[in-house]
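Please open the structure in your viewer and keep the selection panel at hand.

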Amino acid sequence: MRGVCSSGYERGPAWSALVDLGAQFHALRTALEDCAAGRTRVLAVEAGAGCGKSAFLAEALRQAAASGFLVLRAAGCPAQRQGPLGLLWQLASDPAIPDASRSRLRDALGHRTAWTDPAAEPPVSPTAQRVCAALQQLTETGPVVIGVDDLHHADVESLHCLLQTTGHPRTARLLLLCTALPSSLAVAPLSTAELLRQPAFQRVVLDRLSVYGVSRLRTALLGPAAVTPPADDLLAVTGGNPLLVRALLEEHAESRSGGQPEGVRDAPCPALGGRFYQAVLACLSGTVTAVRHTAGALAVLGETGCVELVARLLGVGRAEAAHGMHALELTGLTASGRLRHPVVQAAALDALDLGHRAQLHRRAAALLFEAGAEPGDIAPHLLAARHAAGPWAVSVLRDAAEQLLTRDEVPVAVSCLELALGSCAGQDQRAEIRLRLAVAARRTDLAAAEDHLAELVGDLRADRLTLSQIERMAQLLLGAGRLEEAMEAMGRLHRLGEPGSPRPETGFHASALWQLPARPRADRVPAAGEPPRPRMPVAAVWDLPGDGTSASAAEAAEGVLNSLPLTDTTLVVVANAVRVLCRTGGCDAAALWCGRLLGEAVRRGLPGWQAQFLALQAELSLCRGLLADAEEYAGRALACVPGRSRSVFAGGPLASRVFAATAMGRYDDATRQLDHPVPESLFHSVYGPPYLRARGHYYLAMQRPVAAVADFLNAGRLLRRWGLDRPALQPWRSEAAEAFLRLGEPKKAEQLLREQLARSTDGNPYVRGVSLRLYAQIAGPEERLGLLIEAVDDLKNSGDRLALARALADLGAHYQQRGEPVRASAAIRRAWRLANDCGARALCDNILPGGPGRRPHRESTGRAATVLSGSELRVAELAASGHTNREISAKLCITVSTVEQHLTRVYKKLKISRRQDLHAGLRTEAGSPA
């Protein structure tokens, strides 16, 4: 036998787990020396999971073998504890044991074949004395080291035999070197007590790494030149557990090699599912069940965790809970009774099976409720358990949702309310929760909010709502623009009131927000046999406030915007105040306000509110003639509405996209937008008329005036039904009149325009301007010019550049008919520029077919298209087609003198001398035969 190694340990493959262990290896050398001198020793190496017990044992056995000791190895595992003597059968099967000794040990164990399957049950146990004698006899030929890894998983019978052997009074050259968790006292308490009484017993504890040890390990793994996190940061995350330190360094190195930004090089950032996370799972799987459950309990309790709560949560004694927490502290997973990192917390939860985890969360919720904790601390446990049995749990979820909504944590608040809704049994309570859900969901998911309202309408029709609930539901329906259902709810409120008694308070206080009462509507006459409808204060939200004039409406809207914060209850009124500003001529101010409100919705992370203001931005852009902007805003609004096919609100931005695409001449895009399905309820909501209007304009562009008339008139019927028939809100009469003019029915068009002008007493410049422009097409020549000039003046003040372009185009055409080419040219050119700036290509083509940007005629391609300017080419083509100079002047809105100058230059460039040669000259220059 060679001498016992006394120079410490060498750097084997597992060296990275063996730093800071000088004292422990000194104890090992002393034990080996005592064993070689003939004294029995028991060395128990204790440490937390992942702290290097197995690596230490492997290095110790390597040193013992190098020094001439007979080394036998075995490892405990939970499966062996199901049958007796599994650990001893491993020793008997070790190839290092001499054949004679193997036979004696197997005979003592009472089996003739080697133990191969740790899960198989060995035969009946022999007496411990026979096993002890076989092991003692093995030491007679030389010192023996029996290395047992994970003694805490050994079967009780094997552990008892080993302790009998080491506790024998005779001198034997035997060293039992084992590793165990600090929590192994819970495995076999009697055997452990016997181990502690052994005179040869010595405990060796492997401490976690210090800052110095972490630094050495970091240098050994990554090299001194590597960019690595500071050692104290590594220690704070890992607790000095070598396995965790190594995993965290490897994960950090991988993130650096993957192009991680330079700014993260100094901070360890473990990720869920990464190497560090996997190492934490390995630590927890390597420990006993009680410790895993303790870690899970701490993960569930979070910042509220303590020994008492852990014990109550697990249903164990305080001492057992404290022991489990101490084991986690030794492992490095906790610090001061708290799990060190969110990734550690996630791994501790994932180490539990789903059923046990849910049970812990349910218990935690009940314990915290009994302790008087805040609803916000209890609700996460109910959500994690997906369990809210009992009235107290439903109440907690509702209170927590209110707290979360004040912090704009809407998705979690909605989850709380949904769990409460699914857990409560009473219809009255369910309706209350659904009412709150409809409000909360509107911040993030408008389609879901509408679904809740639809459920409430079903409850209304089934007589399952109280008066108070009907009243609040009617408010929500009104705010969502579902006016038909809001009227139905109001009708139910009135019918439920007893005859002669005061009508129930409607609670519709939106008019108070305008600081003006809602005006009664006198223009709605019920049809024969139709029951009288309750007056709806629709005007308080969706109509123009004030005394009916644009000035007072704009003033009221400004007052609302300056005084009201953006909340659930003011959202619709604030949004409509912006809309009112735009419809009364304050387009720029409206756009500024809308931008501010949209910024607030974005800053607060509320996609439902973002959708509302993006859709409003699209409307404002249309009112200003910014077609591309309108299309973009509308598309962004629709992107914020998941489930748009069932959303009534989605009809608004969808209408804006259709209108913009049609005006830009992109008819295929408009067709695709109209192919999107919309719910039937859209046409019972305030978003139905804009959709019908946009579709009507599309039909006009597609030369389908009959279909356009139907849509415009249907929009008007809806607006009249709801008391919203205000031309400033939607000038459906002028749009229907334009369709009738296309159909050749000027009398119907004139009647509609007269009605619209008669109702436009509020001085709205847009309504008056579009009405006069169309009326000029019906009026006589002597009146037409004055009407068109008035229309242009009004539309200049409206802010709608697209409508102004149409009026200017009509004015220019009229000047042409009057033989005033200079004025015609100025008006038409200005109209074309405005339409072009708006992106209205279809209107540009109608205004000036040969305008800038038009491609030359196919016959004039080739050299003619290159040697002639665009204006020269247009003049030449018209002259070649037989038009006189005066006709060319009128058509292109230029003077006759300019036409003559262009023709002179054309003759010179094409080398011709007569007008009759123009056609041949253009074709010859194009490369075609004359």
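Throughout this tour, buried means under 20% relative accessible area, exposed means over 50%, and partly exposed covers what lies in between, with a 1.4 Å probe and protein chains only. This is a predicted model, in which local features need pLDDT of at least 70 and side-chain atom pairs count only at pLDDT 80 or more, while totals for chains, interfaces and linings use all residues. Residues are numbered from 1 along each chain as its sequence is written, and side-chain values use heavy atoms, with hydrogens and water left out.

Select Leu 620 to begin, which sits in helix α28 (residues 607-624); helices here are DSSP runs of H or I with at least four residues, strands are runs of E with at least two, and both are numbered from the N terminus. Leu 620 counts as buried, at 2% relative accessibility. Contact means heavy atoms within 4.5 Å, and, leaving aside neighbours within four places in sequence, Leu 620 is in contact with Val 578, Cys 582, Ala 590, Ala 591 and Cys 594.

Turn next to the charged side chains. A salt bridge is a side-chain nitrogen of Lys or Arg within 4 Å of a carboxyl oxygen of Asp or Glu, and the structure holds 43 of them.

Select Glu 59 and Arg 62, whose closest N and O atoms are 2.6 Å apart in a salt bridge. Both belong to helix α2 (residues 53-66), and because they are three residues apart there, about one helical turn separates them. Glu 59 is buried at 6% relative accessibility, whereas Arg 62 is partly exposed at 33%.

Move on to Arg 318 and Glu 308, a salt bridge with 3.0 Å between the closest N and O atoms. Arg 318 lies in helix α14 (residues 318-331) and Glu 308 in helix α13 (residues 307-314), so this pair ties together parts 10 residues apart in sequence. Glu 308 is partly exposed, with a relative accessible area of 41%.

Which residue forms a salt bridge with Arg 773? Select Asp 810, where the closest N and O atoms of the pair are 2.9 Å apart. Here distant parts of the chain are linked, since helix α36 (residues 765-778) carries Arg 773 and helix α38 (residues 801-817) carries Asp 810, 37 residues away. Arg 773 is buried at 9%, and Asp 810 is partly exposed at 24%.

Finally, select Asp 408, Arg 443, Asp 568, Glu 600 and Arg 604 together, which are linked in a network of salt bridges.
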